[in-house]
Amino acid sequence: MTGVTYNKRFWYGHHVRMSDYETVKRNYETTKPIQGERMKHGLDQRPLSVRRRVWETWHRDGDSYGMAFRQCYKQTAQDPVSKKYVTTGYHDSVSPFLMMNPHGAVTFSPKWMNSYTTWEMLSALLPDGICFSKYGSKKYFRVTQPDGGYMYYLITGLEMTFVPYESGGKRYYQPTRGVVPEERVLIDRAKSKHYREEFQAFMDYFQPMADLLNIDATNVDWKKRSDAEYFLGQTNWLVREDGEEYGEKWVDAIQALLTKYTKSRHDWVPNGKGGHEHQWTHELPSALDIRAKLNGEAFYRMVKPYKTIPVPLGTPFMPNNRSV
């Protein structure tokens, strides 16, 4: 199996689809467990595909059968006579991934969902009527409906169960748990306009106050940058209260912006002795630099002039990476 690519062709070639309960049970029972020391120490590992991929196995849990990830390694101890290390047992950790009970209900427990191999394997395992689907960075189950349409259910990391039902002589599936309704995060135009007006007043105040603060750029380090980013992202510092000429937190915000956007440059310069030495230069940002940095989407991500809109259950959409 040298040079094998674990893609759709690989998984579909091994006929691992969990079409119904009897098929899954038969796949488990007809797969020979790994022999040798593992068998001697009580391990029942039945590989899903090639026998060397022992971390992907058919699994039984009571009356349910399916696929599970396995983490297995030797446990050894030193023989007091020979002083050699001998195997005393195996540590075996089982994480069910996709299981089916005698009623045909499919239970999905998400594991390593950022792996392409996991996506391809899941696509090959799922019964007809359920399909793994991606929308950008978002992952869905696409479930076929009796009218020929589809419902999309977001994979959020929760355990999900799909129960079968019959319609028109065909089998379909309906989720009974693990379904989370979605919301779209959109720009609130009224908030956005108000925040831009506040930002204009803040920037008029920025440069005179920045000159008075007299911040030492050489003292800016990663911890201060991190604290500055946290302040700017978590604190509603921009908007003034009614009647205020200057915002209560504007001075703190100016300090945070100066810290976050301080320019640090490294050079390798002659030292006058025939060699070279490291030289760091630091420069505080100006009001023009801040305006350039906080332009467009960057400004929205910082002040978050957003609103949430509920999305009908089963309707997929592309992520825009916004959060309130």
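Which residue in β8 is the bridge partner of R142? In the predicted model examined here, local features require pLDDT of at least 70 and side-chain atom pairs count only at pLDDT 80 or more, whereas totals for chains, interfaces and linings use all residues. Residues are numbered from 1 along each chain as its sequence is written, and side-chain values rest on heavy atoms, with hydrogens and water left out.

The bridge partner of R142 in β8 is Y152. Helices (H or I, at least four residues) and strands (E, at least two) are DSSP runs numbered from the N terminus. Strands β7 and β8 run antiparallel and are joined by five bridges; two strands are taken to pair if DSSP finds at least two bridges between them. These strands belong to an open sheet of three strands, ordered β6-β7-β8, with antiparallel pairing. Because β6 (130-135) and β8 each have a single partner strand, both stand at the edges, and one side of each is left without a neighbour in the sheet. From one strand to the next, the twist averages 35°. Helix α4 lies across β6 and β7 and runs at about 150° to β6. Axes are lines fitted to C-alpha atoms, for helices over the stretch in contact, and angles run from 0 to 180 degrees between N-to-C directions.

The loop between β7 (138-144) and β8 (150-154) contains Q145. This residue, Q145, is buried, with a relative accessible area of 19% (buried, under 20%; exposed, over 50%; partly exposed, in between; 1.4 Å probe, protein chains only). Not counting residues up to four places away in sequence, Q145 touches Y150, M151, Y165 and Y172, contact being defined as heavy atoms within 4.5 Å.

Most residues other than glycine have a negative phi. K304 is placed in the loop between α9 (297-303) and β14 (306-310) and counts as partly exposed at 26% relative accessibility.

The axes of helix α6 (residues 222-234) and helix α7 (residues 250-260) come within 8 Å and cross at roughly 135°. The contact is made by K224, R225, A228, E229, F231 and L232 of α6 and by D252, A253, A256, L257, T259 and K260 of α7.
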